[in-house]
Amino acid sequence: MELNTTRLKMRYDLDDRPPFGEGLILSIQHVFAMFGATILVPLILGMPVSVALFCSGLGTLIYHFFTQGKAPVYLGSSFAFIGAMQLAIEQMHGNFSAALTGIIICGGIYVLAALAIKVIGNGWVDRLLPPVVIGPMIIVIGLSLASSAVTNAGFVADSDWKSIVVALFTFMVCALINTRATGFLRIVPFLVAIISGYLLAMALGMVDFTPIIEAKWLAFPEFILPFKTPWFDSYQFYFGPEMWAIVPVVLVTISEHIGDHTVLSEIAGKNFLKDPGLDHTLIGDGVATAVSAVLGGPANTTYGENTGVIGLTKVSSTHVLRQAAVIAILISFLGKLTAIISTIPNPVLGGMSILLYGTIASNGLKLLIEKKVDFQNVRNLIIASAILVLGLGGAQLELGNFVTLSGTALSAIVGILLNLILPQDAAEND
């Protein structure tokens with residue numbers, strides 16, 4: 001793949017180490033960039049925020065280990081898995097076992113994909129996951145969460161007017177920052193919107209300060225481990241049908257991974273798909289994701305917000321990214337701060353989610369447009385239609401007594417199979 005690698009001239013390149021003060025400021029900018037989105041995922045899923053922050057930093061360090069510090073990437077909580085994880089958690093009545101086991105399996109699939117790419121190249125990825133499959137899958141991931149966003153925002157019968165006001169205010173702050181703000185402010189819309197919505201909710205008496213008062217200033221992250229300990233909660237590995245709804249999402253995130261590294265390559269003026277290589281970046285991302293789930297955290301993914309910081313500051317120093325990772329780990333031990341985050345009211349999350357989930361779905365449309373997918377081609381129309389209807393219609397398929405495919409999982413598999421089975425010249429038969 002040929003990339004434009006001359007777009008920006010970096011002030012500090014990959015191996016450069018900025019002076020301490022400047023480097024610290026740059027690292028804090030990266031922490032702010034990832035913070036809002038990274039805490040939003042565990043808040044929506046009911047997972048410990050402290051663990052998500054810890055695993056964000058640890059995952060970034062793991063990624064840099066496997067890529068030998070050759071790519072300026074920061075990993076944060078992945079939005080792509082929210083719908084499937086939410087479903088698995090609900091089906092397990094609040095138990096995280098199926099969701100976390102599924103994420104660990106997904107991390108393993110990343111590693112297997114990396115090994116396959118190393119041996120036979122990455123042409124099979126484009127063949128298996130063309131835009132006509134990936135685009136509708138992304139749309140399904142976003143829209144399948146719509147009802148959750150609407151409920152949290154208070155747009156339901158007998159809702160409290162305060163909830164609707166806070167949700168709309170949070171939504172508008174995020175929307176205005178995205179459309180009107182310039183510079184660094186435009187990179188942190190989630191963080192600013194969450195803080196603004198929280199302050200309004202606090203003024204309206206919607207915030208319970210009890211957890212903040214009771215929290216310690218310093219505390220270990222609330223790890224959830226696959227074994228019992230006297231200090232942390234535990235879960236058991238679970239390979240039942242609820243887990244399998246999560247696994248197909250990895251097909252979308254692998255494509256997302258490739259796309260993110262392509263964009264980063266163009267901004268930083270290096271081809272990261274060749275050096276350190278897609279196999280190394282996928283292994284780093286996969287191991288980081290699996291380790292996060294083992295500790296009770298959400299899946300990790302490369303963060304576009306931090307790529308934006310690199311483009312804005314023209315600093316691609318990997319030292320700065322690793323320093324940001326260490327800061328994130330230290331923040332996860334601040335008990336008062338994580339307690340404050342845990343008290344964010346649902347309407348704030350609802351207002352953010354309306355924009356977030358809609359943006360995920362719209363990115364699927366954007367991909368179809370950018371790749372110029374021709375929907376006058378009957379073949380493309382059939383594939384997209386099947387994915388959308390099965391993914392959003394609540395379709396389920398039971399395979400024996402052990403595996404049930406539903407929603408995102410079923411639609412992804414059907415889309416891939418149709419892409420492989422339907423003849424390429426189907427348009428001629430219209």
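1. In this predicted model, S27 is buried, its relative accessible area being 0%. The residue belongs to helix α1. A polar atom of the S27 side chain lies 3.0 Å from the backbone oxygen of V320. Leaving out residues up to four places away in sequence, S27 touches V320, Q323, A324 and I327.

2. When neighbours within four places in sequence are set aside, the contacts of I246 are F81, A84, M85, A88, A98, A99, G102, I103 and C106. In soluble globular proteins, nonpolar side chains tend to be buried together.

3. One cavity of 30 Å³ or more is present in the structure. The volume of the largest cavity is about 60 Å³. Its lining consists of P72, V73, Y74, D260, H261, L264, T302, Y303, N306, T307 and I310. Two or more of these lining residues are given by each of α12 (249-268) and α14 (304-313). By class, the lining comprises 6 nonpolar, 4 polar and 1 charged residues.

4. Backbone geometry deserves a separate check. Most residues other than glycine have a negative phi, and most peptide bonds are trans. The peptide bond joining D275 and P276 is cis, with omega about 15°. P276 is located in helix α13 (residues 273-294).

5. Positive phi values occur at two residues discussed here. H93, which is not a glycine, has phi near 55°. H93 sits in the loop between α3 (82-91) and α4 (97-120), and this residue counts as exposed because its relative accessibility is 76%, over the 50% limit.

6. K372, likewise not a glycine, has a positive phi of about 55°. The loop between α17 (346-370) and α18 (378-392) holds K372. With a relative accessible area of 73%, K372 is exposed.

Notes:
Residues numbered from 1 in each chain as written. Predicted model: local features only at pLDDT ≥ 70, side-chain atom pairs only at ≥ 80, totals over all residues. Heavy atoms only, no water. 1 Å grid on protein atoms, 1.4 Å probe; cavity = no way out; pocket = protein on both sides within 12 Å on 5 of 7 lines; lining within 4 Å. Points joined across faces, edges and corners; volume = space filled by probe spheres on them. Helix = DSSP H or I, 4+ residues; strand = E, 2+ residues; numbered from the N terminus. Nonpolar A, V, L, I, M, F, W, Y, C, P; charged D, E, K, R; others polar. Contact = heavy atoms within 4.5 Å. Buried < 20%, exposed > 50% of the residue type's maximum accessible area, 1.4 Å probe, protein only. Polar contact = N/O pair within 3.5 Å; in protein donor to acceptor, adjacent residues only side chain to side chain.
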